2 protein chains.
Amino acid sequence: MQPSAILFDLDGTLVDSVYYHVLAWREALEEAGIELAVWRIHRKVGMSGGLLAQALLRETGRVLDPDLIDSLQRTHAAAYRRFDDRVQPLPGARDLLAHLTTLGVPWAIATSGRLETAAVALSVLGVEKRVPVVTRDLVPHAKPDPDLFIEAARRLGVPIADAVVVGDSVWDLLAARRAHALGVGLLSGGYGEDELTTSGAYRVYEDPRDLLRHLDEIGLRSLEV
Amino acid sequence: MQPSAILFDLDGTLVDSVYYHVLAWREALEEAGIELAVWRIHRKVGMSGGLLAQALLRETGRVLDPDLIDSLQRTHAAAYRRFDDRVQPLPGARDLLAHLTTLGVPWAIATSGRLETAAVALSVLGVEKRVPVVTRDLVPHAKPDPDLFIEAARRLGVPIADAVVVGDSVWDLLAARRAHALGVGLLSGGYGEDELTTSGAYRVYEDPRDLLRHLDEIGLRSLEV
């Protein structure tokens, strides 16, 4: 059976931005006097900024003061903007999206980031205005809650249970399961394969190009690239 | 049986520097006009600079021109130096080294980096002059060749087969196997647990603090921290 739609995460899945987000969070935490090893930050990227700040503070045993969480998010956004011109599409990302459009398979983007932060990524990908883009601003709860993917499917007018969710982080795959969608993991965000598999990935590929080569495994026509 | 010595990798194992090395390599490649997704660079860190540059060029299908490899290494070193003041010990690293010294267990450091790059990390760790530090400059081949660990064991005067190698990358663990030493993996460099286990890790811990809590599993007395 062919999936009715593909719902993509953005950072680490279509654009090569995860490591810049990680170091921007490291800077924000450092400015607030909070020490946390960088790999632990990496392992939380993909949640919304608010949830991520909460999760990081919980790991350090700090009180989850809403003002501190706000200020961390603002410092992260400012630090991340300095990396804006480094953000590139991941290999095969543009080809994959174009191929889905050619096949007539609807697709959308569902990101835990805010529209402001996502704008650069959408622009380097060349995502057209008609494509639904659901950001953190538009739903009550970000990943690992399923709201972002459910809203993306709603905007495409397809049942979420017939859609495939593609993401690089455990949060995408956990959200996919809660939404009853099939989850596909990509290694391009820097998570290990086991982490994605044990979070429920149906299949794990290296990056968008590798997924494009194996689309038949999720019921679509692959492109030899 | 108690291990006769512990041989530590440095970056990602005792100091939180891997992500800075990754972005410094990204900068060096970009300056040379070579595009490569950041996670692929992350997966190569832990080899010597020369081997890493070769491996990255091979992935891009580029000719392995020795001048280009030299120039990449120089640009990486310059970019990494800008992050020098960010490099901190990983949680528990100093306590772990002090505890081994208290137990009378000899330990040494074996890093694929050059002494010049390693100096900052050794200084933030407070490693004393009497501790053997084997860098890339001192052996013919870096990891995943076993030379660095074999030379470290030789300097401590212990048989390598009775030593435990502690590292965060698959290259450490592959080198440990080739040296016939027991390898222990740490997640603090950002590799996934399965990658370390399938490369031959006897056990995998989160970071130096977590290893310190579980030293009994490798035949030493743990410290409750």
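These are my notebook entries on a predicted model with chains A and B.

**Symmetry**
I superposed chain B on chain A. A rotation of 180 degrees does it, with 0.0 Å of shift along the axis and an RMSD of 0.0 Å. That is the relation of a two-fold axis.

**Interface**
Next I looked up the contact between the chains. Chain B gives 30 residues and chain A gives 30 residues. The interface residues of chain B are 100% shared with chain A, so the copies meet through the same surface. The buried area is about 2,400 Å², and carbon and sulfur atoms give 52% of this area. I noted seven salt bridges across the interface. One pair I looked up joins Glu30(A) to Arg86(B), at 3.9 Å from N to O. Both belong to a salt-bridge network that also includes Arg26(A), Glu27(A) and Arg82(A).

**Core**
I then turned to the largest nonpolar core, which has 135 residues. Ile6(A), Phe8(A), Ile6(B) and Phe8(B) have the most contacts inside it. I followed Ile6(B): the residues it touches include Leu100(B), Trp107(B), Val164(B), Ile218(B) and Leu220(B).

**Helix H6 of chain B**
Which residues of H6(B) are buried? In this helix, residues 115–125, I listed Ala118(B), Ala121(B), Leu122(B) and Leu125(B). Seen down the helix axis, the buried residues fall within an arc of 100 degrees, so they line one face. Glu116(B) and Ser123(B) are exposed on the other side. The cover over the buried residues includes helix H5, strand S2 and strand S3 of chain B. Gly126(B) follows the helix, with a positive phi near 70 degrees.

**Salt bridges within chains**
My search of the whole structure gave 35 salt bridges over all chains.

- Asp172(A) and Lys143(A) have their closest N and O atoms 2.8 Å apart. The pair links helix H8 of chain A to the loop between strand S3 and helix H7, 29 residues apart. Asp172(A) and Lys143(A) are buried.
- Glu151(A) and Arg155(A) meet at 2.8 Å, N to O. They are four residues apart in helix H7 of chain A, so about one helical turn separates them. Glu151(A) counts as buried at 14% relative accessibility, whereas Arg155(A) is partly exposed at 41%.
- Glu27(B) and Arg82(B) also meet at 2.8 Å, N to O. Glu27(B) is in helix H1 and Arg82(B) in the loop between H4 and H5 of chain B, so the pair ties together parts 55 residues apart in sequence. I have Glu27(B) as buried at 12% and Arg82(B) as exposed at 52%.

Definitions and conventions: Residues numbered from 1 in each chain as written. Chains lettered and ligands numbered in written order. Predicted model: local features only at pLDDT ≥ 70, side-chain atom pairs only at ≥ 80, totals over all residues. Heavy atoms only, no water. Core = buried A, V, L, I, M, F, W, Y, C linked by side-chain atoms within 4.5 Å. Buried < 20%, exposed > 50% of the residue type's maximum accessible area, 1.4 Å probe, protein only. Contact = heavy atoms within 4.5 Å. Least-squares fit on C-alpha atoms with pLDDT ≥ 70 in both. Helix = DSSP H or I, 4+ residues; strand = E, 2+ residues; numbered from the N terminus. Arc of directions from axis to C-beta. Buried area = accessible area lost by both parts, 1.4 Å probe. Salt bridge = Lys/Arg side-chain N within 4 Å of Asp/Glu carboxyl O. Lists of a residue's contacts leave out its neighbours within four places in sequence.
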